[in-house]
Amino acid sequence: MKVAGIYLAAGSSRRMGRPKLPLELSAGKSLGGAALTELAKCGLDPLVVVVRADDPLDWLPPPPEGAAGWRTESCFTSSLGLSFSLRCGLNAVLPREPDAVLVALADQPFVRAEEVRRLIEAMEQNPELQYAASGNDGFPMPPSLFARSLFPALGRLDGDRGARDIFETPDYKGVVIEMERPEFFADADTEIDYESLKTSWGKAEKLREYDITG
């Protein structure tokens, strides 16, 4: 199954009051780049990063070693709502004729490649599925994977509701896969959120270091 990726990074950070994607979680690790680095390990082809037209892109990390990387797509209508950024990303990947598209948000830094692969594997093993969503106590959330049959529905979405209309439509067949790590869905809409995120990130880094060193 050929899976494309859309990384939505064109938000205005209104509640934060300043661009949040360049904010550092730790030295050299930006809030916006954390999940992107993980998605680049998942074989998404292509992986498109949808950004504002005025974004200096100073938060983009280098691609991980051995990964294909990504390309950016400027969305000139991103201020009109999340659905417009999604449509920009969808139009950018359609020429590659993917079987499915993974949609992820740039402000979810705790997303990991192995969890994204669970969504892809679920759809590969169950071809009748039209979507596979990350589950937060049963509630479907991004990152989410959508089969080609849902591309027209994705293109018709409007406003800031994201894919909620699709998840709430009983005619579509999907699965919600619970993500067990409590920090998986953590994001940063405010300065308080950001400080909490940095604290959680620091703890997670220490745990990873402990796992590596023994």
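At 47% relative accessibility, Gly138 counts as partly exposed, a class that lies between buried (under 20% relative accessible area) and exposed (over 50%), computed with a 1.4 Å probe on protein chains only. Gly138 is located in the loop that links β7 (131-136) to β8. Helices (H or I, at least four residues) and strands (E, at least two) are DSSP runs numbered from the N terminus. Leaving aside residues up to four places away in sequence, Gly138 touches Val176 and Glu178, where contact means heavy atoms within 4.5 Å. Val176 is 38 residues from Gly138 along the chain, yet their C-alpha atoms are separated by 6.7 Å.

The model is predicted: local features need pLDDT of at least 70 and side-chain atom pairs count only at pLDDT 80 or more, whereas totals for chains, interfaces and linings use all residues. Residues are numbered from 1 along each chain as its sequence is written, and side-chain values use heavy atoms, with hydrogens and water left out. The pLDDT, the predictor's confidence in each residue from 0 to 100, averages 92 over the chain, and 96% of the residues score at least 70. Where pLDDT is low, the predicted coordinates should not be read in detail.

The sheet is open and has 7 strands in the order β5-β4-β1-β6-β8-β7-β9, with mixed pairing; two strands pair if DSSP finds at least two bridges between them. Its edge strands, β5 (71-75) and β9 (174-178), each pair on one side only. From one strand to the next the twist averages 25 degrees. Strand β4 (residues 47-52) pairs with β5 in the parallel sense over 5 bridges, and Val48 has Arg71 of β5 as its bridge partner.

Two helices contact the sheet. Helix α1 (residues 31-39) packs on it, touching β1 (3-9), β4 and β6 (100-105), and its direction makes about 180 degrees with that of β1. Such angles run from 0 to 180 degrees between N-to-C directions of lines fitted to C-alpha atoms, for helices over the stretch in contact. Because 9 of the 9 residues of α1 are buried, this helix is largely enclosed by the rest of the structure. Helix α2 (residues 82-93) lies across β1, β4, β5 and β6, at about 145 degrees to β1.

A nonpolar core is a set of buried Ala, Val, Leu, Ile, Met, Phe, Trp, Tyr and Cys residues joined through side-chain atoms within 4.5 Å. The largest has 44 residues, of which Tyr7 and Leu145 touch the most other members. Its largest share, 6 residues, comes from α3. A second, separate core of 25 residues includes Leu8, Val103, Phe146 and Leu150. Among the residues that Leu145 touches are Met1, Val3, Leu119 and Tyr131.

| Residue | Relative accessible area |
|---|---|
| Cys42 | 13% |
| Ala163 | 14% |
| Cys88 | 18% |

Ala163 lies in the loop between α4 (151-155) and α5 (164-167) and touches Phe146 and Leu157, residues up to four places away in sequence not being counted. Taking a disulfide as a pair of cysteine sulfur atoms within 2.5 Å, the count comes to 0 disulfides.
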